[in-house]
Amino acid sequence: MMDNTSWMTIYPEIVLLVMACVIALADLFVKSPKRTATYALTLVSLGGVAWLNALYAQSGETLYGFGRLVVSDPMGHWLKCFAAIAVMVTLVYSRPYAADRDMLRGGELFSLSMFALLGMSVMISGQNFLVLYLGLELLTLSSYALVALRRDHGQATEAAMKYFVLGAMASGFLLYGMSMMYGATGSLELAAVLKAIASGQVNHQVLVFGLVFIVAGLAFKIGAVPFHMWIPDVYQGAPTAATLLIGGAPKLAAFGIMIRLLVEGLLPLAIDWQQMLSFLAIGSLLIGNLAAIAQTNLKRMLAFSTIAQMGFVLLGFVAGVVNGQTTLAANAYSSAMFYIVGYVLTTLASFGIIMLLARQGFESEEITDLAGLNQRSPLYAGVMAVCLFSLAGIPPMVGFYAKLAVLQSLVASGQGFYIGLAIFAVLMSLIGAFYYLRVVKVMYFDEPVTATTVSADADVRVVLSLNGLLVLVLGMAPGALMALCADAVTRMLAV
């Protein structure tokens with residue numbers, strides 16, 4: 001019989017699971033082709049889950065449950081809160097797009113999104129190798145199905161097959177690395193693994209061998225070079241609604257599982273995994289930015305952009321431990337958390353614009369499809385421009401402050417290699433600005449290729465406007481979100 005404390009640690013997940021099942025069953029009785037009732041129930045459920053996680057996060061308590069299988073802490077609950085909001089916003093943007101493409105014949109889009117969010121929550125809360133892996137698989141299996149949701153579309157089916165095959169390989173890497181860690185330390189629990197490694201009684205070569213596979217598996221999940229090969233094909237081939245569902249909220253969960261595994265479980269091996277992440281970051285920044293320049297497809301360009309953006313997140317992890325000291329850890333990891341939150345916020349709006357401009361029989365995926373958008377709709381052109389400026393790191397957008405925070409954490413280390421990494425990241429950002437500003441030029445200075453007016457449902461219009469405004473406001477006044485990230489990471493490290 002488990003005590004109440006154990007159940008308290010997973011109340012948000014219980015609510016999410018129950019509502020996902022209720023939505024799947026209730027949808028059987030919905031006749032509307034737009035699934036209005038299912039859509040409304042899903043949004044209410046996601047809003048409730050986000051609110052519940054925010055309440056938990058504000059309490060500031062750290063609780064362990066079920067024999068330390070899961071943890072309830074402020075950092076985890078804030079990540080889960082932001083992930084729930086991101087999925088909710090994604091569904092607001094996706095419903096008109098999905099309805100036009102016959103993706104709402106059933107309620108799978110909504111129920112699979114809920115199960116994907118449940119997987120993210122388990123990933124973020126896990127304190128055991130098996131729990132983390134189960135959460136990861138729940139997310140990825142839901143993602144495979146979402147990519148293939150447009151059953152009669154060959155490109156989407158091909159993207160789902162590529163995603164499935166490469167995803168299975170990456171899961172194998174991660175699971176093999178975890179098994180090596182278990183063999184070396186004799187435990188699946190992160191705290192016990194940390195203690196065993198810190199004791200110095202474990203064979204270091206075995207640990208590093210397992211660590212290589214774990215880092216490779218994590219690198220695939222976030223799309224870091226050289227494990228990035230699936231991102232451009234899947235982003236381009238998947239329906240844009242599914243692209244946003246795998247490119248938005250799951251990035252928060254990826255950050256969460258990296259923190260749990262590398263920091264809470266394998267921090268004594270930081271000197272090893274920081275070196276690995278350094279080279280992954282360099283490759284991601286270089287190849288992501290250079291490859292994006294050559295793209296004419298907007299979704300494919302944003303895919304390579306994602307690879308480069310994840311390079312910056314990795315840099316935040318690189319600067320946490322210097323000369324065996326963790327004095328800079330809170331600053332470094334909180335800057336990475338701030339970066340990932342700002343990136344997801346920007347990604348939501350940018351893909352929301354792509355879905356808004358799409359119509360039945362037309363995807364609006366090419367950069368030239370945005371030609372003259374300012375003449376057709378100044379509001380949506382402005383939102384897209386704000387997002388592109390943020391991704392490029394141009395002030396006063398949130399992306400600028402996020403990049404600055406990561407660079408400051410690198411420079412604060414005082415190490416020549418890390419300062420060199422910061423300089424390299426700045427140079428890559430300058431290259432990246434080219435392909436972002438090229439899209440802005442097309443929107444504002446090219447002649448429109450169509451006279452079609454841009455229209456949107458009221459909920460899409462309101463949410464998209466607020467989303468774009470937040471990208472701007474959080475860049476001008478980032479203090480509150482940065483303080484929230486710093487407090488959450490500091491509490492996590494203090495346990």
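This note sets out points on the side chains and backbone of the structure above.

1. Basis of the note. The model is predicted, so local features are reported at pLDDT of at least 70 and side-chain atom pairs only at pLDDT 80 or more, while totals for chains, interfaces and linings use all residues. Residues are numbered from 1 along each chain as its sequence is written, and side-chain values use heavy atoms, with hydrogens and water left out.

2. Aromatic pairs. A pair of aromatic rings is described by the distance of the centres and the angle of the planes. Rings of Phe, Tyr and Trp (its six-membered ring) are paired if their centres lie within 6.5 Å; planes under 30 degrees apart count as stacked, over 60 as edge-to-face and the rest as tilted. By this rule the count comes to 18 aromatic pairs. One of them is the edge-to-face pair of Y144 and Y163, with 5.0 Å from centre to centre and 90° between the planes. This pair links distant parts of the chain, 19 residues apart: Y144 belongs to helix 6 (residues 129-147) and Y163 to helix 7 (residues 154-185). Helices (H or I, at least four residues) and strands (E, at least two) are DSSP runs, numbered from the N terminus.

3. Burial of the tyrosines. Buried means under 20% relative accessible area, exposed over 50%, and partly exposed in between (1.4 Å probe, protein chains only). Y144 counts as buried because its relative accessibility is 9%. Y163 is likewise buried, at 7%.

4. A second pair. F173 lies in helix 7 and F213 in helix 9 (residues 204-222), so the pair ties together parts that are 40 residues apart in sequence. F173 counts as partly exposed, with 27% relative accessibility.

5. The ring cluster. Which residues do ring pairs link into a cluster? The members are Y144, Y163, F164, F220 and W230.

6. Charges over rings. A charge sits over a ring if NZ of Lys or CZ of Arg is within 6 Å of the ring centre and within 35 degrees of the ring normal. R95 lies over the face of Y39, 4.1 Å from the ring centre. The charged end of K403 is placed over the ring of F312, at 5.0 Å from its centre.

7. A nonpolar surface patch. Helix 19 (residues 416-445) supplies the largest share of the patch, five residues. I419 is found in this helix and is partly exposed, at 32% relative accessible area.

8. Cysteines. A disulfide is a pair of cysteine sulfur atoms within 2.5 Å. By this rule the count comes to zero disulfides. For C81, the nearest cysteine sulfur is that of C485, 12 Å away. C81 is buried, with a relative accessible area of 5%, whereas C21 is partly exposed at 35%.

9. Backbone geometry. Most residues other than glycine have a negative phi, and most peptide bonds are trans. A cis peptide bond joins V225 and P226, with omega about 10°; P226 is in the loop between helix 9 and helix 10 (230-237). The bond from P395 to P396 is also cis, with omega near 5°, and P396 is in the loop between helix 17 (378-392) and helix 18 (398-411). F66, which is not a glycine, has a positive phi of about 55°. F66 is found in the loop between strand 1 (63-65) and strand 2 (70-72) and is buried at 17% relative accessibility. R68, in the loop between strand 1 and strand 2, has a positive phi of about 65°. R68 is partly exposed, at 31% relative accessible area.

10. A contact across the sequence. K195 and L266 are 71 residues apart in sequence and 9.4 Å apart in space, C-alpha to C-alpha. K195 is found in helix 8 (residues 190-198) and counts as exposed, at 66% relative accessibility.
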